[in-house]
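Okay, thanks for making time.

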Amino acid sequence: MDRLKRSWWGVGLLLALLIALFSPLASPHPDGLERVAEDKGFLDRAREAPYQLIPDYLFPGIENEQLATIVAGLLGTLVMFGVGFGLAWVLRRREGMGRS
Amino acid sequence: MHIPDGFLNTGTSVVAWAISAGSVGYAVRRVSRELGERQVPLMGVTAAFIFAAQMMNFTVAGGTSGHLLGGALAAILLGPWAAMLVLTSVLAVQALLFQDGGLLALGANVLNMAVVGVLVGWVVYTGLRRLAGNRTWATMVSGFAAAWLSVVIASLVAAVELALSGTSPWGVALPAMGLVHMLIGLGEGLITVAVLAFLRAVRPDLLALRQASVEV
């Protein structure tokens with residue numbers, strides 16, 4: 001029980017990865033802004049990004065689209081955990097340094 | 001509602017970048033004073049969860065989808081300043097790695113979702129909790145209202161940016177963006193409440209963590 005309590009964030013990360021695993025089930029419809037842009041006739045103003053790394057949440061080089069989405073989702077989720085954790089680690093209030 | 005490049009003119013993009021940079025800079029200062037050790041992994045998990053949940057579009061109506069933005073949820077869990085940094089990093093990774101949301105438009109996307117979305121969610125949640133107290137239903141109703149309003153207001157700010165850029169007239173952009181996000185906001189509210197209820201059941205101390213260490 002104590003171990004479970006200490007590793008709660010491992011469980012949280014696993015849950016996030018599980019959601020990413022199911023990302024191919026996401027609705028394929030355009031989102032709110034895209035819908036408005038299409039209906040109101042300004043969607044064609046959108047410009048391509050100057051470079052493409054993992055466009056459309058499809059990991060490049062994987063032919064199966066669902067698998068490409070899953071790989072992109074898992075990778076992004078892990079990257080986000082690292083960025084969030086790292087940022088917090090750098091900025092955290094050090095105990096014993098006092099509160100200014 | 002990730003704005004791609006091309007929707008906003010340079011002036012609007014630059015002003016949005018400036019406001020976002022100032023807000024995020026202030027958030028960094030606040031977080032470095034207030035963030036406790038125990039919140040470090042929570043910030044990582046929240047960022048990971050919001051990224052994954054943002055991939056999960058749900059259908060609303062008329063061939064339209066929406067997804068969680070997570071601003072209100074992050075603010076409830078981490079307080080507004082850490083939440084602002086979490087949402088900003090999600091948006092930055094989406095723009096840099098996944099080409100979701102433009103680079104010039106990143107300032108506007110941060111302004112809409114990380115600054116406005118988080119602050120609206122935070123103000124509504126804490127305001128309602130002050131009125132309704134600490135009961136379970138009060139947490140849930142406040143969480144739902146905070147999540148719904150954060151999405152609707154963020155979409156209206158996006159509409160203002162579109163109008164200022166001359167992309168869509170005021171009378172078109174504001175009602176169109178507002179209406180569709182009033183629907184999407186219902187999904188935001190439901191997911192936010194579901195996560196809060198889940199956390200309240202399994203780890204109520206995580207919900208109390210913020211109150212303990214971030215209150216000024």
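So, how many residues of chain A are in contact with how many residues of chain B? We get 45 residues of chain A in contact with 58 of chain B. Keep in mind as we go that this is a predicted model.

Where does chain A's side of that contact come from? Three helices, α2 (8–21), α3 (32–39) and α4 (65–91) of chain A, each supply at least two of the residues there. The largest share belongs to α4(A), with 13 residues. By residue type, the side of chain A that touches chain B splits into 26 nonpolar, 10 polar and 9 charged.

How far does the predictor back this up? The complex gets an ipTM of 0.94 and a pTM of 0.95. For chain B, the mean pLDDT is 94, with 96% of its residues at 70 or more. Within chain B, confidence is highest in helix α4 (residues 80–98), at a mean of 98, and lowest in helix α8 (residues 204–214), at 65. Then there's the stretch 212–216 of chain B, where pLDDT stays under 50. The model has 5 contacts beyond four places in sequence for that stretch. As a rule, where pLDDT is low, the predicted coordinates should not be read in detail.

Let me say a bit about chain A itself. Of its 100 residues, 27% count as buried. Looking at contacts in chain A between residues at least 6 apart in sequence, 45% join residues at least 24 apart.

One residue in chain A to click on is Tyr57(A), in the loop between α3 and α4 of chain A. Its phi is positive, about 55°, although Tyr57(A) is not a glycine. Is Tyr57(A) buried or exposed? Tyr57(A) has 24 other C-beta atoms within 10 Å, and the cut-off is 20 or more, so Tyr57(A) is buried.

Gln99(B) counts as buried because 22 other C-beta atoms lie within 10 Å.

Now the inside of the thing. In general, nonpolar side chains in soluble globular proteins tend to be buried together. Here, the largest nonpolar core has 94 residues. Which of them touch the most other members? Those are Ala47(B), Ala48(B), Ala74(B), Met84(B), Val86(B), Leu87(B) and Val118(B). Helix α5 (residues 106–132) of chain B gives the most to this core, 14 residues.

Take Leu87(B) from that group. Leaving out residues up to four places away in sequence, Leu87(B) touches Gly70(B), Gly71(B), Ala74(B), Met113(B), Ala114(B), Gly117(B) and Val118(B).

On to a couple of helices in chain B. Helix α1 (residues 10–34) has 25 residues and reaches 36 Å from first C-alpha to last, close to the 36 Å expected at 1.5 Å a residue. Its buried residues include Thr12(B), Ala16(B), Val24(B) and Glu34(B). Helix α2 (residues 39–55) of chain B has 17 residues, so at 1.5 Å a residue it should span 24 Å, and its end C-alpha atoms are 25 Å apart, which agrees. And α2(B) is mostly covered, with 16 of those 17 residues buried.

Leu68(B) lies in the loop between β2 (65–66) and α3 (71–78) of chain B. It is buried, with 26 other C-beta atoms within 10 Å. Beyond four places in sequence, Leu68(B) touches Ile50(B), Ala53(B), Gln54(B), Glu188(B) and Ile191(B).

The other one is Thr139(B), in helix α6 (residues 136–164) of chain B. Thr139(B) and Arg200(B) are 61 residues apart along the chain, with their C-alpha atoms separated by 9.7 Å.

Conventions:
Residues numbered from 1 in each chain as written. Chains lettered and ligands numbered in written order. Predicted model: local features only at pLDDT ≥ 70, side-chain atom pairs only at ≥ 80, totals over all residues. Contact = placed C-beta atoms within 7 Å. Helix = DSSP H or I, 4+ residues; strand = E, 2+ residues; numbered from the N terminus. Nonpolar A, V, L, I, M, F, W, Y, C, P; charged D, E, K, R; others polar. Core = buried A, V, L, I, M, F, W, Y, C linked by C-beta atoms within 7 Å. Buried ≥ 20, exposed ≤ 12 C-beta atoms within 10 Å, placed from the backbone. pLDDT = per-residue confidence, 0-100. Expected span 1.5 Å × (residues − 1).
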